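Let us take a walk through this structure together. Please keep the sequence and the model in view as you read.

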Amino acid sequence: MEKKGHFIEGIRDGVPIALGYLSVSFSVGIMALASGINVLQGALMSLTNMTSAGQFAGIAVIASGGTLLELVLTQFIINLRYALMSLSLSQKLPEKMPLWQRMVVAFANTDEIFAVAMGHARSLTFSYMVGLQILPILGWTCGTVLGAIAGQVLPSAIGSALSVALYGMFIAVVVPVAVKIRPVLWVASLAAFFACIIYYVPLLSGISTGMSIIICTILASVFGALLFPVPQETKEKEV
């Protein structure tokens, strides 16, 4: 009964996340369809990749005809933060939790699920984490399917307009943080600046979309680390 209670509690906490994922992934489905990815492929992509930024970048690489190496490197760099989030989350998991259960928990350790889990008052049980993750996974996958289906029946003009919503999501995520934290604004601006250079400079125009994302991400991250290092006092407080 205790496990069932934890599972239901997780389900309840995951409902708002699932609703948000359903609306955002609708745009992912439309974009995937426009990039030549069919409904089934889009559904499998969302079901096996719980990452909006990674999926957006992956679709861009696929649409541009990028190589598998570019796709792998792009996903590795963009999703590297999840490794750090999982390390932090593991501190709240029971020490005796089996490895296979930890791997299940890590599969859907997204930004929103991580935030809710870390804010959970008690130690995280496997039942609670499964309940917390299952609806967001379904919401993300179903939203992608609905978006892809809608992209097939809606006029192209409306489909193109709806696909812009994904860009709006990234703006909504980055801008509020950039306004409050100046280094984020500089790093985001640097990434955009490097992207413009690669796109408009003739000598660099041959670089593929996938490699462009990788290069801009690495350069902006390096500049951010050099120009805005985190003080040691802040690191100790976070630990």
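What follows goes from the overall fold to the cores, the aromatic pairs and the surface.

A word on the basis comes before the tour. This is a predicted model, in which local features need pLDDT of at least 70 and side-chain atom pairs count only at pLDDT 80 or more, while totals for chains, interfaces and linings use all residues. Residues are numbered from 1 along each chain as its sequence is written, and side-chain values use heavy atoms, with hydrogens and water left out.

Start with the chain as a whole. Its secondary structure comes to twelve helices and zero strands, where helices (H or I, at least four residues) and strands (E, at least two) are DSSP runs numbered from the N terminus. Of the 239 residues in the chain, 34% are buried; here buried means under 20% relative accessible area, exposed over 50%, and partly exposed in between, with a 1.4 Å probe and protein chains only. Among contacts with a separation of 6 or more, 77% join residues 24 or more positions apart, a contact being heavy atoms within 4.5 Å.

Now step inside. In soluble globular proteins, nonpolar side chains tend to be buried together. A nonpolar core is taken as a set of buried Ala, Val, Leu, Ile, Met, Phe, Trp, Tyr and Cys residues joined through side-chain atoms within 4.5 Å. The largest such core has 26 residues, and those with the most contacts inside it are Ile59, Leu89, Leu124, Met129 and Leu132. At least two residues of this core come from each of helix 1 (2-34), helix 5 (81-90), helix 7 and helix 8. Helix 8 gives the most, with six residues. If you pick out Met129 and set aside residues up to four places away in sequence, you will find Leu89, Val105, Ile113, Ala117 and Leu124 touching Met129. Another core, of five residues, lies apart from the largest one, and includes Leu190, Phe194, Ile198 and Cys216.

Two residues around helix 7 are worth a look. Ala108 sits in the loop between helix 6 (99-107) and helix 7 (111-118). Is Ala108 buried or exposed? Ala108 has a relative accessible area of 0%, so it counts as buried. Beyond its neighbours within four places in sequence, Ala108 is in contact with Met50, Ile113, Gln133 and Ile137. Met50 is 58 residues from Ala108 in sequence, yet their C-alpha atoms are 5.9 Å apart. Met118, in helix 7, is partly exposed because its relative accessibility is 30%. Leaving aside neighbours within four places, Met118 is in contact with Ser88, Leu89 and Lys92. Lys92 and Met118 are 26 residues apart in sequence, and 7.7 Å apart from C-alpha to C-alpha.

Turn next to the aromatic rings. A pair of aromatic rings is described by the distance of the centres and the angle of the planes. Rings of Phe, Tyr and Trp (its six-membered ring) pair if their centres lie within 6.5 Å; planes under 30 degrees apart count as stacked, over 60 as edge-to-face and the rest as tilted. The count by this rule is five aromatic pairs. One of them, Trp100 with Phe126, is edge-to-face, at 5.4 Å centre to centre and 70° between the planes. Trp100 lies in helix 6 and Phe126 in helix 8 (residues 126-153), so this pair ties together parts that are 26 residues apart in sequence. Phe193 and Phe194 make a tilted pair, because their ring centres are 5.9 Å apart and their planes are at 55°. Phe193 is partly exposed at 48% relative accessible area, whereas Phe194 is buried at 12%. Ring pairs also link Phe193, Phe194 and Phe223 into a cluster.

With a relative accessible area of 30%, Leu204 is partly exposed, and it touches Ile197 and Ile198 when residues up to four places away are not counted.
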